[in-house]
Amino acid sequence: MYVAGAITTPPPPPPPPPPPLANIAIEKRIFASSVLSSEYFAGRANDGIIPPDGSRSSTFISANVTGQWLAVDFGELVTVSSITLYLRRDCCGNELVNPEFRLGGFDVSTRPVLFTYNFLLSQTPTGPGTTGGLISFLVVNGPSGSSSRTTGRILTVRNGNINTTSSMNLAVAELQVYGTPAACTLQVMYGAGYGIDSAALSTSSQPDEGACCQACYSSATCLYWDYVRSSSTCRLKGDQGDIIPPGQSIPGFYQDGDRVAGAKRGVCTYDMSSTTQSWPDPNAIVVWSGPNAFGSGWNRPSQYWLTYFYKIYTTSEPVVNATFHLRADDSGVLFVNGRGLPPPNTGFLYTSINLVAGANMLALRVYNGQSELLTAAAPTASTITIYTPVISSAIRRSITSTTNFIIIATVATA
């Protein structure tokens with residue numbers, strides 16, 4: 001429980017096991033840079049049908065142009081384990097040259113020129129394809145210095161024939177993506193509750209937090225859940241907006257050592273390494289609450305909008321004089337264990353941040369005005385660096401080596 005600025009809670013147990021792997025690409029929203037004709041539309045590539053040898057039925061074929069791409073929007077944050085792409089089965093398999101797969105949070109349909117804002121999967125096989133062949137590989141997190149990631153919302157495959165004079169189609173007989181939703185694995189916070197209990201959509205008894213999360217995931221109306229471990233009470237909740245729970249200073253999640261809470265929706269991650277080479281950490285991951293951080297027109301982010309990002313950070317020992325860098329477009333405020341820290345006079349640099357032993361609630365309140373989101377940050381040396389390169393906000397920490405520190409849920413209020 002939260003008492004006088006300290007948290008008495010045991011270290012979090014391991015997360016519940018994920019559900020069995022499945023082909024999560026089937027009939028998801030899919031779109032392409034072009035199509036050869038209406039017969040070969042993008043949805044042919046994820047309809048679950050692999051055409052027989054010699055046939056191009058149920059096949060996506062792009063226009064005869066270099067660098068064409070196909071993208072799948074899973075509609076939520078997912079963890080991808082493997083990808084299999086079936087090439088065109090009637091002819092011309094060699095037209096697929098050095099395919100480029102990317103996974104991240106940026107919806108390339110909003111501004112295709114920024115497709116590199118999703119993370120390049122470095123395990124992709126190279127070379128030309130073969131008629132009736134397939135490309136299959138495991139997706140793993142890359143080593144330090146690599147952009148490769150296993151989680152994201154948008155997957156793109158792009159024909160690598162961009163440096164040739166020959167125009168070629170991108171043709172896909174079927175795209176299979178095996179993985180699991182991240183809602184009940186990555187989007188869980190131990191030592192936290194959510195919202196007001198009296199406004200819960202439903203209350204039930206569940207054997208553990210995993211079952212409570214699955215109940216929310218299966219509900220059409222549930223967006224958030226929290227689970228009281230001592231009583232096995234599971235509450236499913238909707239988005240409570242800017243309602244502030246009793247005794248708290250901000251809406252949404254709050255500290256409670258007897259609870260586990262989570263969100264059905266996660267954040268979208270963006271690879272900005274190409275624009276951050278001068279930062280001390282060039283591998284910084286940036287996040288926003290949706291896939292349209294750099295959208296234009298009707299796809300642009302909501303204007304005059306507050307978004308909250310949260311994370312429970314557990315440390316076995318107190319951390320003293322940490323340095324926290326936050327840059328936000330248009331502004332941002334850091335909350336540590338429920339206390340909002342006054343924005344510093346110089347940029348968004350917070351110094352001498354202290355964390356207690358046990359669980360700490362870190363929250364960012366970010367405001368977006370009218371412009372497209374774009375900003376940056378950099379850490380300085382200290383005992384621990386909590387680092388936030390931002391497209392409106394993100395967190396990253398370093399203790400001798402860089403480790404991802406992902407914000408997992410948001411509450412957005414106009």
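Helices (H or I, at least four residues) and strands (E, at least two) are DSSP runs, numbered from the N terminus. The views below show a predicted model, in which local features need pLDDT of at least 70 and side-chain atom pairs count only at pLDDT 80 or more, whereas totals for chains, interfaces and linings use all residues. Residues are numbered from 1 along each chain as its sequence is written, and side-chain values use heavy atoms, with hydrogens and water left out.

**Figure 1. Overview of the protein chain.** Of its 414 residues, 55% are buried; buried denotes under 20% relative accessible area, exposed over 50%, and partly exposed in between (1.4 Å probe, protein chains only). The accessible surface comes to about 16700 Å², and carbon and sulfur atoms account for 54% of this surface. Areas were computed by the Shrake-Rupley method with a 1.4 Å probe; for residues, only the protein chains shown count as cover. Contacts (heavy atoms within 4.5 Å) between residues at least 6 apart in sequence join residues at least 24 apart in 76% of cases.

Figure 2. Alanine 293 belongs to the loop between strand 18 (285-288) and strand 19 (305-315). With a relative accessibility of 0%, alanine 293 counts as buried. Threonine 110 lies 183 residues away from alanine 293 in sequence, yet the C-alpha to C-alpha separation of the two is 9.6 Å.

**Figure 3. The nonpolar cores.** A nonpolar core is a set of buried Ala, Val, Leu, Ile, Met, Phe, Trp, Tyr and Cys residues joined through side-chain atoms within 4.5 Å. The largest such core holds 29 residues, and the most contacts inside it are made by Val108, Tyr270, Phe309, Leu334, Val336, Ile353 and Leu355. Strands that each supply at least two residues of this core include strand 6 (69-87), strand 17 (268-271), strand 20 (319-326), strand 21 (331-336) and strand 23 (349-355). A second, separate core comprises 27 residues, among them Ile83, Phe101, Ile135 and Leu175. In soluble globular proteins, nonpolar side chains tend to be buried together.

**Figure 4. Contacts of valine 336.** Leaving aside residues up to four places away in sequence, valine 336 touches Leu341, Ile353, Asn354, Leu355, Met361 and Leu362.

**Figure 5. Helix 1 and its packing.** Helix 1 spans residues 209-217, and Glu209, Gly210, Cys212, Cys213 and Cys216 are buried in it. Viewed down the helix axis, the buried residues fall within an arc of 160°, so they line one face of helix 1; the arc is that of the directions from the helix axis to the C-beta atoms. These buried residues pack against strand 12 (188-194), strand 14 (224-228), strand 15 (233-237) and strand 16 (253-263). At the start of helix 1, a side-chain oxygen of aspartate 208 comes to within 3.1 Å of the backbone nitrogen of glycine 210.

Figure 6. A salt bridge is a side-chain nitrogen of Lys or Arg within 4 Å of a carboxyl oxygen of Asp or Glu, and the structure holds 13 of them. Aspartate 197 is partly exposed at 25% relative accessibility, whereas lysine 237 is buried at 0%. Both residues take part in a network of salt bridges that links Asp197, Asp226, Arg235, Lys237, Asp256 and Arg259. Arginine 265 is partly exposed at 31% relative accessibility, as is aspartate 239 at 33%.

**Figure 7. Positive phi at glutamate 27 and asparagine 98****.** Glutamate 27, a residue other than glycine, has a positive phi near 60°. The loop between strand 3 (22-23) and strand 4 (29-32) contains glutamate 27, which is exposed with a relative accessible area of 66%. Asparagine 98 also has a positive phi, near 45°. Asparagine 98 is placed in the loop between strand 6 and strand 7 (100-104) and is partly exposed, with a relative accessible area of 37%.

How values were computed. A polar contact is a pair of N or O atoms within 3.5 Å; within protein, one must be able to donate a hydrogen and the other to accept it, and residues adjacent in sequence count only if both atoms are side-chain atoms.
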